[in-house]
Amino acid sequence: MSLVTPPQIVRPEPRRDPYGRYLIPHPQTGKEQAWTRATTWSSSISDHFGLEKWKIRMTAMGLVSRPDLFAGLAAISNPETEAGKKKLNGLCEEAQEFAGTKFASNLGTALHSFAEQIDLGESPRIPPPWNKDIEAYTRALKDHGIEVSPRYIERIVVVPQLEVAGTMDRLVRWRGKTYVGDLKTGKDLSYSWLEISIQLALYSRAMTIFDPEENRHFAMPQVDQDHAIVFHLPVGKATCTPYLIDINQGWRAAHICGLVREWRRRKDLAHTLEAAAAVQEVAS
């Protein structure tokens with residue numbers, strides 16, 4: 001089975017800083033600043049143990065299959081230097097990709113693009129077996145009476161309260177209310193609901209939508225802030241299950257993420273005994 005090339009929907013992207021954060025003017029001051037990504041913020045309290053173990057396994061499998069990468073690792077004279085670390089990281093990432101870490105991600109990107117074109121009223125040519133996935137998605141929308149707003153697909157939203165920005169999948173209407181909607185293509189969401197809840201809670205509390213093409217902010221429409229709708233569309237399974245997810249609790253967890261990130265920046269928790277004694281002498 002050959003890997004399909006995801007269809008490209010061209011839209012302008014805002015500038016980014018070296019850490020990949022959006023550089024967007026503040027909606028109130030107009031001053032450009034870097035905004036923490038919503039996905040980064042929501043992962044602050046997530047358990048990544050299983051994911052990291054999987055990456056280690058993929059790295060090992062890739063190195064076993066690619067003697068050239070293994071030799072490249074052995075040839076790094078000093079892996080503790082910045083240049084050595086950069087080279088080591090690059091080879092390990094290449095080993096992971098060779099072992100297939102990008103395969104599911106690329107297919108998920110393709111499904112996102114196909115679904116987006118459908119929601120925009122277009123008629124993309126979708127090769128099998130992924131056409132069955134998209135048929136399952138459109139059937140789920142119809143069966144549950146869900147309407148997607150074409151004006152609010154893949155929009156950058158800004159949450160000044162937490163200095164967070166992210167790209168919202170879509171807004172949908174269900175039973176007379178407007179919800180943040182999100183498409184997830186992973187095989188299993190069992191360990192992802194906390195992170196998803198936080199991410200969608202952030203989108204729902206956005207103050208503005210930023211348009212990079214016009215370089216301006218627009219008011220965020222009023223959406224339900226208690227729940228959001230997640231479409232689970234696992235790649236190649238021809239099934240789509242909509243979920244109603246509690247984002248009120250996700251918003252509470254978003255503030256916990258803020259506390260965690262604040263604590264990670266603390267540099268004043270330990271001092272040498274000499275420094276501590278000097279402080280005590282001055283205080284006395």
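Buried denotes under 20% relative accessible area, exposed over 50%, and partly exposed the range in between, computed with a 1.4 Å probe on protein chains only. The structure is a predicted model, in which local features need pLDDT of at least 70, side-chain atom pairs count only at pLDDT 80 or more, and totals for chains, interfaces and linings use all residues. Residues are numbered from 1 along each chain as its sequence is written, and side-chain values use heavy atoms, without hydrogens and water.

**View 1. Threonine 109 in helix α5.** Helix α5 (residues 101-119) contains threonine 109; helices are DSSP runs (H or I, at least four residues) numbered from the N terminus. Threonine 109 counts as partly exposed because its relative accessibility is 40%. Its C-alpha atom is separated by 27 Å from that of leucine 88, 21 residues apart along the chain.

View 2. Leu69, Gly72 and Leu73 are the buried residues of α3. Seen down the helix axis, they fall within an arc of 100 degrees (taken from the directions from the axis to the C-beta atoms) and so line one face of α3. These buried residues pack against α2 (49-65) and α4. The face turned away from the buried side carries the exposed residues Pro67, Phe70 and Ala74.

**View 3. Contact of α3 with α4.** Leu69, Gly72 and Leu73 of α3 meet Leu88, Leu91, Glu94 and Ala95 of α4, where contact means heavy atoms within 4.5 Å. By class, this contact has five nonpolar residues, one polar and one charged; Ala, Val, Leu, Ile, Met, Phe, Trp, Tyr, Cys and Pro count as nonpolar, Asp, Glu, Lys and Arg as charged, and the others, Gly among them, as polar.

Note on methods:
Helices (H or I, at least four residues) and strands (E, at least two) are DSSP runs, numbered from the N terminus.
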